[in-house]
Amino acid sequence: MKQVISLLLALLLLAALFAGCGQTDGQTSSESPATATGGPQSTAAPAGETQSAPAGSETPETPADTGTAPADEFDMDLFLAETLAAHPDAGAEELCRAMLESPYFRLYGYDSTEYFYPGLNYEYKPEGVREAGCVVDNAGGTGTVILVLIPEEGTDAEALSEELLENAMPGWVNFEDPLDRQASYVIDGKVILALYNHDMQPVEGPVAGMARDFVEIFHAWAAEHPAGSCLELADWFRTHQRICGMDAYAVQEGVLTGFGDYEHEVEIKGFSEGAVFAPQMSPSNFIGYVFRPAEGTDAEAFIAMLRENANLNWGVCVSANTVITETDGDLVLFMMCSE
């Protein structure tokens, strides 16, 4: 009897083992987790890796089906799905300009692709394209770009998407610090290539599109940061404008760019703290300063001294035609530009 019972127990144990072989870690479907849950099939590849967009890898047209990026990563899938869903009949330029309304792209600009395609191998030019445009970060200098292409009738959109990814250059602006995300999409027949950094952040507050816009930003910032430094303000200007790539750094009393000339050198004095914000490329017809006059210095007299010594032709090859000055509390804004 004991032998019979032992045999029955062995058979039951063997049956349980066979039953457990049909599933692993609770996964009852032969599909991958992403496919089983309806998640998007990403064509993104980290910088430095070669990856072609697989055929049929369209971004889901329903925004609710996207949103797969980690919490600290910009969700390009969701952004593009929502933008195209909101503008189903838009052309390439209209779509690009719609993207510029996003807080993430407020510092960017629209560029045509008439002469070249930003972000692509310089020797490569897509064929079979009826219309194209791009959103590009010219002022920030990151090289972030979104290319929007509308293929001609008969063009294989999936093949074009793969070509774009194969010819993408994430380091086209800075090869030492290439963009860390690249992805291509085919959405509603439109082909899109995106080169960007995963940690993109939205830009809040006013953004300068021309020099005089800095005046509004100056007063708004001063009201919110009464104890802020000149360098902090200059850096805020640098990161809240889409005019050009700019640098910001502190300055000391002495000879400053934009004042005096080679024959009449002038030292600017009377401030306890100062900073400059100016284009990275020279010569330029724009330069801006933020000063905090020294204790006991009359602000109006200080501004008059700046104006008296300002040289609109400091760039030699180019000239400015306007001087702008503003005060707010103990801060002075000084700019030379062409309007």
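1. Accessible areas here come from the Shrake-Rupley method with a 1.4 Å probe, and for residues only the protein chains shown count as cover. By that method the protein chain exposes about 18,200 Å². Carbon and sulfur atoms supply 50% of this area.

2. Some ground rules come next. This is a predicted model, where local features need pLDDT of at least 70, side-chain atom pairs count only at pLDDT 80 or more, and totals for chains, interfaces and linings use all residues. Residues are numbered from 1 along each chain as its sequence is written, and side-chain values use heavy atoms, with hydrogens and water left out.

3. The protein chain holds 8 helices and 12 strands. Both are DSSP runs numbered from the N terminus: helices are H or I with at least four residues, strands are E with at least two. Of the 339 residues, 42% are buried. Buried means under 20% relative accessible area, exposed means over 50%, and partly exposed lies in between (1.4 Å probe, protein chains only).

4. Now look at contacts, meaning heavy atoms within 4.5 Å. Take those in the protein chain between residues at least 6 apart in sequence: 62% join residues at least 24 apart.

5. Two strands pair if DSSP finds at least two bridges between them.

6. Strand 1 pairs with strand 2 (residues 129-136) in the antiparallel sense, over 3 bridges. One place to look is Gly109, whose bridge partner in strand 2 is Val136.

7. Two backbone angles deserve a check. Most residues other than glycine have a negative phi. Asp188 is not a glycine, yet has a positive phi of about 50°. Asp188 sits in the loop between strand 4 and strand 5. Asp188 is partly exposed, with a relative accessible area of 40%.

8. Val316 also has a positive phi, near 65°. Its place is the loop between helix 8 (299-309) and strand 11 (322-328). Val316 is exposed, at a relative accessible area of 59%.
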